[in-house]
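Please keep the sequence and the coordinates in view while reading.

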Amino acid sequence: MPHLSCGIIGLPNVGKSTLFNALTRAGAAVAPYPFCTLDPNVGVVPVRDPRVDRVARLAGVERIIYPTVEYVDVAGLVKDASKGAGRGNQFLEHVRNCDALIHVVRCFEDPNVAHVHGRLDPVEDVRTVALELILADLQTAERAAERVAKKARHEPDARPAADTLERVRRHLDEGQTLRTLPLSDEDREHLGPLRFLTGKSVLYAANVDEKELPEPRSEGLAALQDLAAEEGNAVLPVCAKIEAELAELDEQEAAGFLKELGLAEPGLQRLARATSRLLGLIHFLTFNESEARAWTVPEGTTAQDAAGVIHTDFAEHFIRAEVTSFADFDAAGGEKGAREKGLLRIEGRDYAVRDGDVIYFRVGPGSS
């Protein structure tokens, strides 16, 4: 499947660009998958997974391919962006093409960095951004509802889509995001081409003061966490300034800096994992004589469909999957040990792949 795409959004002066720059520099430093700039504000970043490193060592291969996430850094959102204020129109169009949103929220005090509202209030900042997205979606829904309603007068087949859009319009008009509106698969099919902003999953990246590390506990962060809990969303505290500094260091220096801060790993790695969880994605692992690799699939993906992610012919000519959990693979010292200890399982096409499965796919003649 294509890599995951996440829009980094938020008000001006909250640390969005600092976080994006840290992500992109970190991507360049994590070999062997180089950071790739697709556009001035788009970067594809590898997500380092220690499990792949371990599989590679046990398999005796040097080439490692990590899963990737595409991050899109967009212009800071201001009030009335839904009407085109600031760079609102460009901002919204970039975000519409993303799978999920990382909403960077300022939770640090700094007299040298002006706040657009003149005071620190993470909850109010979140509501400002949410309102602009709702208003933008409402405009989209109103135009679409009017167009489809006219069509439904002459084409009965268009009536279900018209009804769905009217429900969406009313919900948005009440100031609610589409994440809170129950939708059937048929409803989602009707709405898909419209790429509604408030229907996307969102993760709050709380940009905290470096003095609060390793366990931030500010009042602003606590208020944001309370709001996120009410919404059913997650909050990930991260210090963009520290992440930018870490991204400039080599691996050994970064490890020493993290130890001084009392951190087990860079926040960017936690952010990448949280992004995958946000969309219900998991990773399975493979290896051959030349490389070890992690593949990204939605949770619940069958073995046959997972094989198709590697190559479409693998799904067509699927015979079976030889599966070992990463924990068993690691404990047994690799594939040979797993086989000898009976830890390797034979699974059929309908097996639901689990996160961390180490899989070898057996395929029939005709596959390449």
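In which hand, left or right, does α8 pass α9 at their crossing? The crossing is right-handed, where right-handed means that the near helix is turned clockwise from the far one by less than a right angle, and left-handed that it is turned anticlockwise.

## Basis of the model

This is a predicted model, in which local features need pLDDT of at least 70 and side-chain atom pairs count only at pLDDT 80 or more, while totals for chains, interfaces and linings use all residues. Residues are numbered from 1 along each chain as its sequence is written, and side-chain values use heavy atoms, with hydrogens and water left out.

## Helices α8 and α9

Helix α8 (residues 240-247) and helix α9 (residues 251-261) pack at an angle of about 150 degrees, and their axes are 9 Å apart; helices here are DSSP runs of H or I with at least four residues, strands are runs of E with at least two, and both are numbered from the N terminus. The axes are lines fitted to C-alpha atoms, for helices over the stretch in contact, and the angles run from 0 to 180 degrees between N-to-C directions. The angle makes α8 roughly antiparallel to α9, a term for angles over 145 degrees, whereas those under 35 count as roughly parallel, 65 to 115 as roughly perpendicular and the rest as oblique.

On the α8 side the contact (heavy atoms within 4.5 Å) is made by I242, E245 and L246, and on the α9 side by A254, F257, L258 and L261. By class, the contact of α8 with α9 has 6 nonpolar, no polar and 1 charged residues, where Ala, Val, Leu, Ile, Met, Phe, Trp, Tyr, Cys and Pro count as nonpolar, Asp, Glu, Lys and Arg as charged, and the others, Gly among them, as polar.

## Helices α4 and α5

Helix α4 (residues 122-154) packs with helix α5 (residues 159-173) at about 150 degrees, with an axis separation of 8 Å, and the two are therefore roughly antiparallel to each other. Their crossing is left-handed.

Residues of α4 in this contact include I134, L138, V148 and A152, and those of α5 include A161, L165, V168 and L172. The contact of α4 with α5 has 13 nonpolar, no polar and 5 charged residues; among the residues taking part are D137 and E142 in α4, and R159, R169 and D173 in α5.

Strand β10 (residues 291-298) is largely enclosed by the rest of the structure, because 6 of its 8 residues are buried, that is, under 20% relative accessible area, with exposed meaning over 50% and partly exposed in between (1.4 Å probe, protein chains only).

Strand β4 (residues 63-65) pairs with β10 in the parallel sense over 3 bridges, pairing being assigned if DSSP finds at least two bridges between two strands, and R63 stands opposite E291 in β10. Strand β9 (residues 281-287) and β10 run antiparallel and are joined by 7 bridges, with H283 opposite T296 in β10, and a hairpin joins β9 to β10 through 3 residues.

## Backbone geometry in the loops

Most residues other than glycine have a negative phi, and most peptide bonds are trans. N13, in the loop between β1 (4-9) and α1 (16-29), has a positive phi of about 65 degrees although it is not a glycine, and at 41% relative accessibility N13 counts as partly exposed. R195, in the loop between α6 (185-191) and β7, has a positive phi near 50 degrees and is partly exposed at 31% relative accessibility.

The peptide bond from L213 to P214 is cis, with omega near 10 degrees, and P214 lies in the loop between β7 (201-207) and α7 (219-231).
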